[in-house]
Amino acid sequence: MNEIWLMIGQRLLLGLLTLFIISVVIFGATELLPGDLARELLGQSATEETLAALREQLGLNDPAPLRYWNWLTGVLQGDFGVSMATKKPISELVGARLGNTLFLALYAAALSVPLSLLLGVLAALWRNSIFDRASNALALTAISFPEFFVAYILVLWLAQTGLFPSMVRITSATTTGDLLYSAFLPALTLTLVVTAHMMRMTRAAIINLLASPYIEMARLKGLSPMRVVLRHAVPNALAPIINVVALNLAYLITGVVVVEVVFVYPGLGQLMIDAVTNRDIAVVQAIALIFASAYVLLNLIADVLSTITNPRLMHRK
Amino acid sequence: MEKPVLLTIKGLQIEGRSGDAWHPIVKGVDLTLHKGEVLGLIGESGAGKSTLGLAAMGFARDGCRISGGTIDFDGIDLRTAPEAKRRGLRGKRIAYVAQSAAASFNPAHKLIDQYCEGPVVHGVMSREKAEADAVELYRRMRLPNSEEIGFRYPHQVSGGQLQRAMTAMAMACRPDLIIFDEPTTALDVTTQIEVLAAIRDIVRQFGTAAIYITHDLAVVAQMADRIKVLLRGDEVEEADTRSMLAAPRQDYTRSLWAVRSFARAEQPPATGTPVVSVRNVTAAYGAVDVLKNVSFDIHARRTVAVVGESGSGKSTTARVITGLLPPRKGEVLFNGKVLPPNFKARSREELRQCQMIYQMADTALNPKLRLRELIGRPAEMYLGLRGKALETRIRDLLALIELEPDKYIDRLPSELSGGQKQRIGIARALAAEPQLIICDEVTSALDQIVQEGILKLLNRLQGELNLAYMFITHDLATVKSIADKVVVMQHGAVVERGPKAALFADPKEDYTNLLLSSVPEMDPDWLNRLLAARGGHA
């Protein structure tokens, strides 16, 4: 067990190093964005004196490394700074949106992960059957259309008919039940987009193992095909499956901007787009860092789970 | 043969698919097995032994189909029975023991979980009872720590122990018939004996009938009551073991028996500077010493066989000589001159002098290159041959390894048989015109008849080209036929060395004696005598 903790510790440190490098890249990239924040805030009519005063007040005249240092130390203390556009603390602004994004990601994951694992296992079990071909074809069709197209088709079929709302409104009075109902279409859109990857990886990972001698042995022990796949193939196929699931979960958190826009869902993606439009650099930086953390954390979890499910790594000789 | 018949196979035909065409693998074989009887199936690879063994379970591998004949197991027609009924028989009344237990145990589950699966799924006994039964059978198979070993994962158990655990697993439902598919082929000779003795005892204790598939005649002589010889899917002959061994009727059977007759003439003691001289080499992977103070010489036109079990340091010695693993202490001399320890520091000329041939010709040849390139590259790189000179050299090399140049020069490795691939491995080594060739288990993956061809070829080439050979092998029959000098290794150290004849006639060390006496002999009483001589069980 100690080895596992050691490994988790090492990966955490590596993850922190990755995040540090990413923070440099994020800061550097936002430096390259065109435009002048002071002018953006004060408008075209501002005089040179007021602009200079504001730049001084915001610390925009400091050299870049110093501003990076101030930003980083703030972030490490949980202080992302103040939104320059809205004058609100960023943690407050991002906090609510992050909750919404995580809710939608979890919702879509709760639909798509079981669905794709089930489809993948069944497709492997009945490989080359009508079921296998049909589920493959459908999943590939869903992934081949752009997200907004899938979203509009769903709106056309399921919202125009009045079954589900096409817009998501979240107020303090919204209950979880309401939320599940009103966020169903965005969650379904995301499910359709990510299912194909996970399903096809599950199918491929299992089929890859079916030629192994231990699978033949299981069949020669007189086990049913379902038992052979579930008990003898799946446990050995977990590592690739876990990794593709983690990658798709990260996508569900970070890559849903288009879907949020279509369904007017108040998530992080929308906030980031708005912030880029407004040159609200501190907000852009904060969200980019959150997205990066999600990737690093999910990959870390995937690594640890792959190790735990592999007896050769868990139980040394 | 008054015992009742258990299995009757008549006119069995099995086909395998290649592309869109079906070609025959088993061509109308008959087979009768009585209760409690052990039938040995022997033949070269591709003879259809495994396919026939699996068909006795009503099973055909993917890409194969049973296309004709009948399989009657105790009154049940396995060809027409529904799949559910066949599944009910498999594991319960007919069990299977595979060639490589390491690959055939599921790496994700503990041994005892895999043991209990069959009895529980078939409703033979409860999980608790199966666990207790497993410990009992592990004990009978003479596994160490029989109480505890089942709770390990396959990778935590050695190959010989896994093979016994697999036999115990096959016994779990007390089947009427077990198919043993080359169960000891992948094991060292000393381990093989333990497994053979354990299998034979347990089969006798429970009166289980068995089909024992192997390519090793000496092994089958110990195990089987009757022997059936197969050749390319056809039966050659069948007889009870003693009469078959005493008087094989068919030419093919006799040729199988005669394979091990090739022996190199005794050479006078070598003199002069050895081609390669390994001096007091100690080498380590990480902190662990895997070679301890190893020394030996190899002279031109001489073959030194390095023998020992897997893990004894044979291949590591080769890695030190080739410079892949710089030693921690000691040195390697080539024609009396010290070689740089790391191959990166060696000159091209030094690298050219020492070439290797590998065990798995399949994986040692780049599948995308034609023979012209495979053999041509070293000739081009080391000797600077170009154009017409290179073409002539490639053709000469092909002729040297007895492959017709015009027919083979533009083939891919996939268009060759196993023996031909190994010949290409030899040609590739020769292309560099080396003085020393290291042969790492070069015949282990080949059938005995093909082996003999390769050994004769290597022997002829040595005489013609003044080569020195270092021959790494665990197969003592190969050593007997080709070596001049033998170096016996155990746990990374040289245990004993000497001229072949002297060493075989009068081994000085216990370990050498154990190794030599473990090589199965054709005599059906050999195993009994050996076990008696070693005092009970090995």
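A polar contact here is a pair of N or O atoms within 3.5 Å; within protein, one of them must be able to donate a hydrogen and the other to accept it. Keep in mind that this is a predicted model.

Let me start in chain B. Glu15(B) sits in strand β1, which covers residues 5-18 of that chain. Its side chain makes a polar contact with the side chain of Arg65(B), at 2.7 Å. Leaving aside residues up to four places away in sequence, Glu15(B) touches a run of neighbours, including Trp22(B), His23(B), Pro24(B) and Ile25(B). Gly63(B), Cys64(B), Arg65(B) and Ser67(B) are also among the residues that Glu15(B) touches. As for Thr512(B), that residue is 497 residues from Glu15(B) along the chain, and their C-alpha atoms are separated by 46 Å.

Now the sheet. In what order do the four strands of the open sheet in chain B come? The order is β2-β1-β4-β5, and the pairing is antiparallel. Strands β2 (21-34) and β5 (76-77) of chain B are at the edges; each has a single partner strand, so one side of each has no neighbour in the sheet. As a general point, strands of a sheet pair through backbone hydrogen bonds, either parallel or antiparallel. Strand β4 of chain B, residues 64-73, is joined to β5(B) by two bridges, and these two strands run antiparallel. In one of these, Asp72(B) has Asp77(B), in β5(B), as its bridge partner.

Next, the interface with chain A. The area buried between the two chains is about 2500 Å², and carbon and sulfur atoms give 58% of that.

On the polar side, the count between chain B and chain A is twelve residue pairs in polar contact, both residues at pLDDT 80 or more. Five salt bridges are found across the interface of chain B and chain A. One of them joins the side chains of Arg61(B) and Glu216(A), at 2.6 Å from N to O.

Note on methods: Residues are numbered from 1 along each chain as its sequence is written. Chains are lettered from A and ligands numbered from 1 in the order in which they are written. This is a predicted model: local features need pLDDT of at least 70, side-chain atom pairs count only at pLDDT 80 or more; totals for chains, interfaces and linings use all residues. Side-chain values use heavy atoms; hydrogens and water are left out. Contact means heavy atoms within 4.5 Å. Two strands pair if DSSP finds at least two bridges between them. Buried area is the accessible area (1.4 Å probe) that two parts lose on being put together, summed over both. A salt bridge is a side-chain nitrogen of Lys or Arg within 4 Å of a carboxyl oxygen of Asp or Glu.
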